[in-house]
Amino acid sequence: MTNDAWGKVREELISRVGKNNYTTWIEPLRLSGIQHGVARFEVPTTFFGDWVSRNFADHILQQLKTSVTGLSRVEMFVATRSEASSAVANQPTAAQPTPSQSPAPRVPSAAKSRTRGANDDQVAGATLDARFTFDSFVVGKPNELAHAAARRVAEGGPVSFNPLFLYGGVGLGKTHLMHAIAHELQVRQPHLRVLYLSAEQFMYRFVQALRERQVMDFKELFRSVDVLMVDDVQFIAGKDSTQEEFFHTFNALVDQNKQIVISADRAPGEIKDMEDRIKSRLQCGLVVDLHPTDYELRLGILQQKVEFYRNQYKGLVIANGVLEFLAHRITTNVRVLEGALTRLFAFASLVGREINLDLAQDCLADILRASDRKLTIEEIQRKVAEHYNIRLSDMIGPKRLRNIARPRQVAMYLSKQLTPRSLPEIGRRFGGRDHTTIIHGVRKIEELMSTDSQLSDDLLLLRRLLQT
Ligand code: ADP
Ligand code: MG
C-alpha cells in the first residue's frame with residue numbers, strides 16, 4: 001500500500017477517533033511501507049509517535065486490516081533528515097507555526113533533534129483556540145488583575161508566584177486568558193514546553209495510563225514540562241486517585257520552580273471534596289478572581305467583536321444604541337453576549353436589514369427574556385450598605401443615626417423603584433417596619449434628590465451597579 005492509498009483508508013478513521021483527533025494525530029502520519037505484517041509510519045517527533053501508538057494504534061490497525069491482509073502491528077518512527085535539521089536551525093521560527101494558522105502539529109521531523117519543541121507538547125495538551133489571545137481580550141475593572149497576572153506569567157521570566165490561580169464564574173474569560181498565556185509563551189519563549197489541558201483531560205489521561213500500566217510515562221511527561229496549565233480544576237474534586245496524582249505532579253513541578261497556572265469556577269478554599277492539603281497548596285501562589293462583567297466591559301467586548309464582524313459582513317449597518325442595549329440587558333456572561341451578537345449579524349445579513357433595536361428585540365427575544373434579572377431587596381440592601389460602608393445588619397436594625405438612616409432610606413427607595421414588591425413586603429424585609437415608614441423613606445429621598453447632588457450621584461451609581 002502506498003501513502004496515497006493510505007490517505008483514502010485513513011479517512012474512515014474520522015468516525016472512530018473524531019474530527020479533532022483525526023486532524024491532530026492521524027493526518028500528519030505518513031505511511032512509509034508495509035513489510036512482514038508491520039505497517040511503518042513516519043511521525044514528526046518521538047513524543048508524537050508515542051502518543052499515537054498509545055492512543056490510536058488499535059484503530060489504525062483495524063482500519064488497515066480492512067484492505068491489507070496479514071497485518072499484525074503498526075509502528076511509528078521518526079525520520080532523521082540532516083538537511084531539514086539545518087534548515088530549522090537557521091529559521092527557528094519555522095518550527096513554531098503560529099497557532100492561528102493551524103492547531104494541528106506541524107513540527108518538522110527535524111525539530112526533535114533541536115529540542116522537543118514547545119509545539120508538539122502544546123498539542124499534546126488540548127488544542128488552543130487561536131482567537132483567545134491577549135490582543136482580543138478586553139480589559140476592564142472586573143478582570144484587570146487577572147489580566148495583569150496572566151501577562152506576567154506570559155512573559156516567561158522568573159517565576160514570581162506559583163501557582164497562578166484564576167477563578168470566576170462561567171464565561172468570564174478564564175480559558176481565554178490561559179490560552180493567551182500559552183500563545184504568548186510560544187512566541188516569546190519558544191524553547192519552553194507548555195502544556196495546557198483541562199482537568200478532565202488530565203484525569204482521562206491518568207486513568208488511561210493506569211489502565212495501560214504506563215503510569216511512569218505519565219508521570220514523566222507531566223514532570224518534564226516547563227509550564228503546566230490545568231483548566232477547570234474543580235472537575236477533579238472528589239476523584240481521589242486523580243487528585244492524588246495531580247497533587248504529586250503539582251509538587252514536583254513547584255519544586256523544580258516550574259510555572260503552574262490553574263483555573264477553577266471558585267476560590268480554592270471553596271472547592272468541595274478537594275483535599276485540604278491540595279487546597280492549601282493551590283492558595284500558595286497568587287489567587288485572583290475574574291469578577292462578573294460590568295456595563296463598560298461588556299460594551300467594550302461588543303465593540304471589539306463588531307469590528308470583527310464588520311469585515312465579515314461588509315455593508316451591514318448597526319444602528320446607534322444597539323450595543324448599549326445589549327450590554328445593558330445581557331448581563332449573564334460573555335459567551336451569551338457574543339452569541340447574541342453573532343446571531344444578530346447572521347440574521348440581519350440573511351434578511352438584509354439594518355441592525356436596530358427592533359431587530360434585536362425580535363431576534364434575541366429568548367436570550368433577553370432569560371437574562372431578565374430579578375433584582376431582590378436583599379441585593380439592594382447589600383449594595384447600598386457596601387456603598388455607604390455600613391453593616392448589612394444596620395439596614396434592618398433599629399438604629400436611627402443619620403449616617404445609617406439615610407442609606408436605609410436609599411435602599412427603601414431603590415427597592416420601591418427597582419422591584420415589583422409592595423410597600424408592606426418591603427417593610428417586612430426592612431426588619432418588619434410598617435409600610436408608612438417605607439412611604440416616608442421613599443418620599444424623603446425623592447425630596448432630597450433634587451437638591452442634594454451627592455445623593456443623586458449616589459443613586460445614579462447604585463442604580464447602575466444594580467442593574468448591570
Ligand atoms: P470561562 O473559561 O471563564 O468559562 P471563556 O474564557 O471560555 O470563559 O470565555 C467565554 C467567551 O467569552 C470566549 O469566547 C471569550 O473569548 C469571551 N471573553 C470572555 N472575557 C472576554 C474579554 N475580557 N474580552 C474578550 N472576550 C472575552
Ligand atoms: Mg473555561
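Where does His36 lie?

I found His36 in the loop between strand 1 (30-35) and strand 2 (38-43); helices (H or I, at least four residues) and strands (E, at least two) are DSSP runs, numbered from the N terminus. His36 is not a glycine, yet its phi is positive, about 50°.

Ground rules, noted before going on. This is a predicted model, where local features need pLDDT of at least 70 and side-chain atom pairs count only at pLDDT 80 or more, while totals for chains, interfaces and linings use all residues. Residues are numbered from 1 along each chain as its sequence is written, chains are lettered from A and ligands numbered from 1 in the order in which they are written, and side-chain values use heavy atoms, with hydrogens and water left out.

Next I checked a peptide bond. The one from Asn162 to Pro163 is cis, with omega near 0°. Pro163 sits in the loop between helix 8 (144-155) and strand 4 (164-168). I flagged both spots because most residues other than glycine have a negative phi, and most peptide bonds are trans.

Then ligand 1. I count 17 residues around ligand 1, and the closest are Val138, Gly171, Thr175, His176 and Glu338; "around" is a heavy atom within 4 Å. For polar contacts I took pairs of N or O atoms within 3.5 Å. A side-chain N or O atom of Thr175 is 2.7 Å from an oxygen atom of ligand 1. His176 has a polar side-chain atom 2.7 Å from a ligand 1 oxygen atom. Leu172 uses a backbone N or O atom, 3.3 Å from an oxygen atom of ligand 1. Ligand 1 taken alone exposes 560 Å², and the protein buries 94% of that (Shrake-Rupley method, 1.4 Å probe).

Last, helix pairs. I used axes fitted to C-alpha atoms over the stretch in contact, with angles from 0 to 180 degrees between N-to-C directions.

Helix 10 (residues 199-211) and helix 12 (residues 240-255) have axes that come within 10 Å and cross at roughly 100°. Helix 10 and helix 12 are therefore roughly perpendicular (65 to 115 degrees). Phe202, Met203 and Phe206 of helix 10 meet Ser241, Thr242, Glu245, Phe246 and Thr249 of helix 12, contact being heavy atoms within 4.5 Å.

The axes of helix 21 (residues 402-418) and helix 23 (residues 435-449) come within 8 Å, crossing at roughly 95°. So helix 21 is roughly perpendicular to helix 23.

Key
Parallel < 35°, antiparallel > 145°, perpendicular 65-115°, else oblique. Polar contact = N/O pair within 3.5 Å; in protein donor to acceptor, adjacent residues only side chain to side chain.
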